[in-house]
Amino acid sequence: MIESDIVEYQYTVNMTGIGEIQIDKDLSIYPLPLGEYLNIANGDKSIDSVYIFDINGKLMLHSGKSEKQVSLNVGFLTPGIYILNVKTNGQSIINKIIKR
């Protein structure tokens with residue numbers, strides 16, 4: 001028998017200037033759209049890992065830092081739509097993000 005978890009995904013896209021995604025009261029992702037850096041803050045909880053995939057599913061960036069705030073250089077990414085996967089506190093939070 002295969003055991004599975006039910007996972008709720010929340011997708012947010014901000015296409016009208018610089019903004020911030022706030023998933024819950026602690027996790028913030030900014031600035032949006034992306035510039036040279038992506039910042040992720042998680043209040044007093046640790047961010048276990050961050051993955052960025054291109055629209056075709058190719059892994060573009062992985063960070064395994066276990067910190068409460070992560071700043072990643074994403075300047076090498078070409079403009080387009082990417083999938084961000086943040087793993088924290090036993091959860092995987094997935095968002096669509098835009099690089100300009």
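This report covers the strands, their pairing and the nonpolar core of a predicted model.

## Overall make-up

The protein chain has 8 strands and 0 helices. Its pattern along the sequence is β-β-β-β-β-β-β-β.

Of the 100 residues in the protein chain, 37% are buried. The exposed surface comes to about 6,300 Å². Carbon and sulfur atoms supply 51% of that area. Among contacts between residues at least 6 apart in sequence, 44% join residues at least 24 apart.

## Strand pairing around β7

Strand β7 spans residues 80-88. It pairs with β4, residues 47-54, through 7 bridges. The two strands run antiparallel. D54 has Y82 of β7 as its bridge partner.

β7 also pairs with β8, residues 91-99. Here 9 bridges join the strands, again antiparallel. L84 has N95 of β8 as its bridge partner. β7 and β8 form a hairpin, with 2 residues between them. N89 lies in the turn and has a positive phi of about 50°.

## The nonpolar core

The largest nonpolar core holds 19 residues. L38, I40, I52, V74 and L84 touch the most other members. Elements that give two or more residues to this core are β2 (27-32), β3 (37-42), β4, β6 (69-73), β7 and β8.

## I52 and its contacts

What does I52 touch, leaving aside residues up to four places away in sequence? The list is L38, K58, L59, M60, L61, V74, L77, Y82, I83 and L84. L38, V74 and L84 from that list are also named, with I52, among the core residues that touch the most other members. Y82, another I52 contact, is the bridge partner of D54.

Conventions:
Residues numbered from 1 in each chain as written. Predicted model: local features only at pLDDT ≥ 70, side-chain atom pairs only at ≥ 80, totals over all residues. Heavy atoms only, no water. Pairing = 2+ DSSP bridges. Helix = DSSP H or I, 4+ residues; strand = E, 2+ residues; numbered from the N terminus. Core = buried A, V, L, I, M, F, W, Y, C linked by side-chain atoms within 4.5 Å. Buried < 20%, exposed > 50% of the residue type's maximum accessible area, 1.4 Å probe, protein only. Contact = heavy atoms within 4.5 Å. Areas by Shrake-Rupley, 256 points an atom, 1.4 Å probe, with all protein chains shown as cover.
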